[in-house]
Amino acid sequence: MKTLYTKSIITLAFLLTYSISQAQNIVTGNVKNSQNQALAGANILLKGTKHNTTTDANGDFSIDVQEKLSFSLLIQYVGYKTQEIAINEPTTDSLHIQLIEENELVEVVISSRRRIEKAQNVPIPISVVSGKQAEQAGAFNVNRIKELIPSVQLYSSNPRNTGINIRSLGSPFGLTNDGIDPGVGFYVDGVYYARPAATTLDFIDVSQIEVLRGPQGTLFGKNTTAGAFNITTRKPSFTPGADFEVSYGNYAFLQAKASITGALSKKIAGRISFSGTQRDGLIDNVATGRATNTLNNQGIRGQLLYVPSENTHITLAADITTQRPDGYAQVIAGVAPTQRAPYRQFDAIIADLNYQLPSLNAFDRKIDHDTPWRSGQDLGGASLNIDTKIGSGTLTSTTAWRFWNWDPSNDRDFTGLQVLAKSQNPSRQTQFTQELRYAGQISPKLSGVGGIFFIDQTSTTNGTEESGSAQWRFSQSTTSTNWQTPGLFEGYGIRTNASIHAISAAVFGQLDWEITERLHLLPGIRYNYDKKDADYDRKTYGGLETNDPDLIALKRLVYTDQNFAKDTDATDFSGNITLSYKAADKINAYATYAKSYKPVGVNVAGLPTVNGQPALDLAVIKPEKVNHYEAGVKTSPFNNAILNVTFFNTDITDYQTNVQAAELGVNRGYLANADKVRVRGAELDASFVINEHFTINGASTYTDGKYIKFTNAPLPLEETGSAVSFKDVSGSQLPGVSKWAGSLGGEYTKSAKFFGNLGKFFIGIDSYARSEFSSSPSASKYLVVDGYALFNGRFGFRASEGLSINFWARNILDKDYYEQLLPAGGNAGHYAGVLGDQRTYGITLKYTL
């Protein structure tokens with residue numbers, strides 16, 4: 001990795017040196033404000049140099065740009081937003097520049113509908129976080145973005161077992177199963193990332209994050225039922241530029257980022273960026289004497305932009321990210337009494353084994369796990385994107401290949417006992433995607449987008465799970481003394497080979513018909529074909545070699561051989577229709593109906609057994625069928641203010657959910673269908689510029705998610721051991737759903753100079769809160785995560801060029817809270833918590849050229 005960094009830095013230095021070396025050319029211009037008044041004394045700076053000038057009494061200026069073929073000018077004036085003007089070809093025309101006052105709210109521009117437009121004009125509920133906003137809030141991954149967009153939920157007990165939801169829909173709550181597709185799409189520069197683990201990676205050189213809420217299948221390549229993340233990175237520029245950033249914090253937090261861009265020739269520009277994050281552990285392992293749950297992430301991303309003509313842009317990009325933390329350990333959070341016999345209760349079990357937990361308070365942050373935690377992850381790929389203007393539209397081709405490698409080791413019993421000596425299921429996933437799309441104007445009153453999409457992906461898992469010396473006592477289900485047979489279960493385990501090959505192909509499109517200047521009708525349609533082939537093979541090994549049928553029967557109560565193969569395919573028509581009406585210049589109302597679906601699924605993590613045989617009727621999971629209704633209004637009630645309201649209702653038939661099995665051999669649980677689910681609610685988004693110094697932004701969401709009908713749900717933890725195997729939970733709340741969630745933030749700024757650089761001193765605070773939610777597929781009174789509120793703060797100096805400094809703190813009040821609660825493997829009654837981070841603080845220094 002050090003060699004990789006060395007090569008990267010040399011390449012960065014070469015790019016910067018080469019692009020700057022292209023050396024006289026006089027550029028003239030005029031600077032005014034929005035009232036067309038000349039601004040005298042505005043600073044004009046040639047980006048990447050110290051060459052600058054100021055405007056005269058008429059707002060005019062001239063500056064020597066040193067015969068550069070391409071360059072950027074920074075226009076700075078106290079009380080106005082700094083503006084950057086990029087010029088990629090020599091010009092003799094005078095520049096006419098209009099600066100925007102600091103106290104003027106600028107509407108965000110997005111590209112989610114495959115064209116550049118203002119977010120307030122788009123009849124889709126959408127939240128936008130700029131790369132700068134994410135940096136300032138310390139949101140360097142999706143898990144922290146959820147604190148800015150309360151409609152987003154992310155649950156992760158480790159990268160593999162990560163689920164990202166929007167409006168509480170998208171992924172089954174709990175452990176991840178490769179056999180189904182995520183309901184929330186994740187795109188980076190137009191490339192679909194099929195693995196939810198991608199959301200745990202650090203952002204690299206992000207320009208903007210757009211979060212679309214509700215079904216998305218007529219604008220994007222992959223169909224999604226709950227929404228999509230549309231992330232764009234900063235593109236290569238022919239104008240030289242660079243920025244370097246380093247952060248230091250408590251718990252030995254260290255994060256470094258760098259990005260350099262510039263011209264490699266007249267028609268080729270490059271950008272290379274990297275990020276590295278390290279941090280000591282936040283949980284003490286008293287058995288090893290070391291802190292665990294560290295951070296150790298590195299990533300690098302390179303791009304080449306080729307512009308053969310003004311109508312065609314070709315971008316080749318490649319990236320790779322590695323994570324090597326000692327972490328993702330969970331801490332025992334409590335013990336639920338089950339309905340099993342008294343000798344099968346957790347407290348009785350550990351008493352017989354002369355064992356005590358290191359602490360009865362999870363927030364002491366102490367564990368004594370005996371199985372090493374390992375969470376190695378590699379993710380990367382390459383893509384080729386071609387944009388070419390044809391007629392009044394743009395034809396886009398995006399070709400990509402990606403991979404994901406997962407190398408874990410877990411302690412699934414969450415104790416210092418040798419119950420499970422090994423629990424590791426290394427996986428590898430590869431995918432190839434191709435999207436071809438045309439977007440543009442069809443006639444004066446008709447525009448649209450249409451495309452085709454194809455994905456081919458393969459996932460393989462070669463896992464091992466092995467019992468230790470304490471397994472007999474946790475698995476003991478009778479009073480027979482045979483359970484105590486020495487060595488009966490030690491070294492007894494299963495080796496699993498599982499694979500799934502999935503392909504999906506689709507044709508999609510959406511029109512925008514301008515019935516009148518204010519009234520638009522937007523119909524969309526999609527046809528999809530999905531095919532999945534799954535193979536599962538599990539073999540037992542080890543333990544005491546015996547011919548005694550009674551002992552063999554006990555071993556089979558813990559693990560059995562299992563083998564099955566399933567293939568399935570399905571087709572689907574889906575679509576949506578939206579009516580949008582612009583009642584006034586600052587009021588845009590819309591209503592949407594969408595029919596969507598989530599493709600057919602297959603179980604590839606083991607099946608429950610019936611009379612010793614796998615329940616093959618559970619191998620195939622029916623596709624979800626979604627009917628979605630939504631209405632909203634986007635307003636600007638007064639100058640420098642945005643206030644948007646949305647109401648939604650989503651009905652899902654055959655909802656794909658995760659079931660945590662009591663059998664150890666069913667790794668990560670299994671998938672099942674709930675008959676019907678309904679999620680309804682309302683959202684509010686607001687931004688206000690109070691004056692030239694104060695800004696406020698906030699968002700809130702109310703969500704009511706219920707199982708309308710689910711008669712064969714798994715038993716809650718406390719009902720394990722009852723006479724029935726399933727429970728009717730119709731009418732109960734969906735897991736992971738908080739009734740209320742919200743964020744509120746504000747910032748005070750004042751224009752100033754710092755080390756000779758124009759910029760702003762700032763102080764800001766952000767808050768995020770959510771109410772309680774169930775952390776179990778079937779509501780359990782023991783697996784309820786209490787509501788919590790977090791406060792983060794920052795202050796410092798921010799400059800568009802030169803040195804910026806940011807002092808920051810997260811979870812200022814040092815709130816103890818859970819992000820998730822999980823029952824231990826085997827459902828003995830004890831459960832563990834994924835702990836939220838305690839108070840962290842530090843400093844970030846950034847230098848921009």
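A residue counts as buried when its relative accessible area is under 20%. By that cut-off, seven of the eight residues of strand 15 (residues 206-213) are buried, and the strand is mostly covered. The model is predicted.

**Strand 15 and its partners**

- Strand 15 pairs with strand 10 (residues 126-130) in the antiparallel sense, over five bridges.
- Within this pairing, glutamine 208 of strand 15 has serine 130 opposite.
- Strand 15 also pairs with strand 16 (residues 227-233), again antiparallel, over seven bridges.
- Isoleucine 231 in strand 16 is the residue that stands opposite isoleucine 209.

- An open sheet is formed by four strands in the order 3-2-5-6, and its pairing is antiparallel.
- Strand 3 (52-54) and strand 6 (83-87) are the edge strands, and each of them pairs on one side only.
- From one strand to the next, the twist averages 20 degrees.
- Three bridges connect strand 2 (residues 43-46) with strand 3 in the antiparallel sense.
- Isoleucine 44 has threonine 53, in strand 3, as its bridge partner.

- Another open sheet has three strands in the order 21-20-25, and here the pairing is mixed.
- Strand 21 (290-292) and strand 25 (366-367) each have a single partner strand, so one side of each edge strand has no neighbour in the sheet.
- Strand 20 (residues 283-285) and strand 21 run antiparallel and are joined by three bridges.
- Asparagine 285 has arginine 290, in strand 21, as its bridge partner.

**The largest cavity**

- The volume of the largest cavity is about 760 Å³.
- Its lining is made up of 39 residues, and those nearest the centre of the cavity are Asn143, Arg279, Tyr328, Glu819 and Asp837.
- Two or more lining residues come from each of helix 3 (142-145), strand 11 (152-156), strand 22 (295-309), strand 49 (788-799) and strand 52 (830-835).
- Helix 3 gives the largest share of the lining, namely three residues.
- Sorted by class, the lining of the largest cavity holds 17 polar, 13 nonpolar and nine charged residues.

**Residues with a positive phi**

- Phenylalanine 414 is not a glycine, yet its phi is positive, at about 65 degrees.
- Phenylalanine 414 lies in the loop between strand 27 (393-409) and strand 28 (420-424).
- The relative accessible area of phenylalanine 414 is 6%, and the cut-off for buried is under 20%, so phenylalanine 414 is buried.
- Aspartate 654 is likewise not a glycine and has a positive phi, of about 60 degrees.
- Aspartate 654 is part of strand 40 (residues 641-659).
- Aspartate 654 has a relative accessibility of 13% and therefore counts as buried.

Note on methods. Residues numbered from 1 in each chain as written. Predicted model: local features only at pLDDT ≥ 70, side-chain atom pairs only at ≥ 80, totals over all residues. Heavy atoms only, no water. 1 Å grid on protein atoms, 1.4 Å probe; cavity = no way out; pocket = protein on both sides within 12 Å on 5 of 7 lines; lining within 4 Å. Points joined across faces, edges and corners; volume = space filled by probe spheres on them. Nonpolar A, V, L, I, M, F, W, Y, C, P; charged D, E, K, R; others polar. Pairing = 2+ DSSP bridges. Axes fitted to C-alpha atoms, helices over the stretch in contact; angles between N-to-C directions. Buried < 20%, exposed > 50% of the residue type's maximum accessible area, 1.4 Å probe, protein only.
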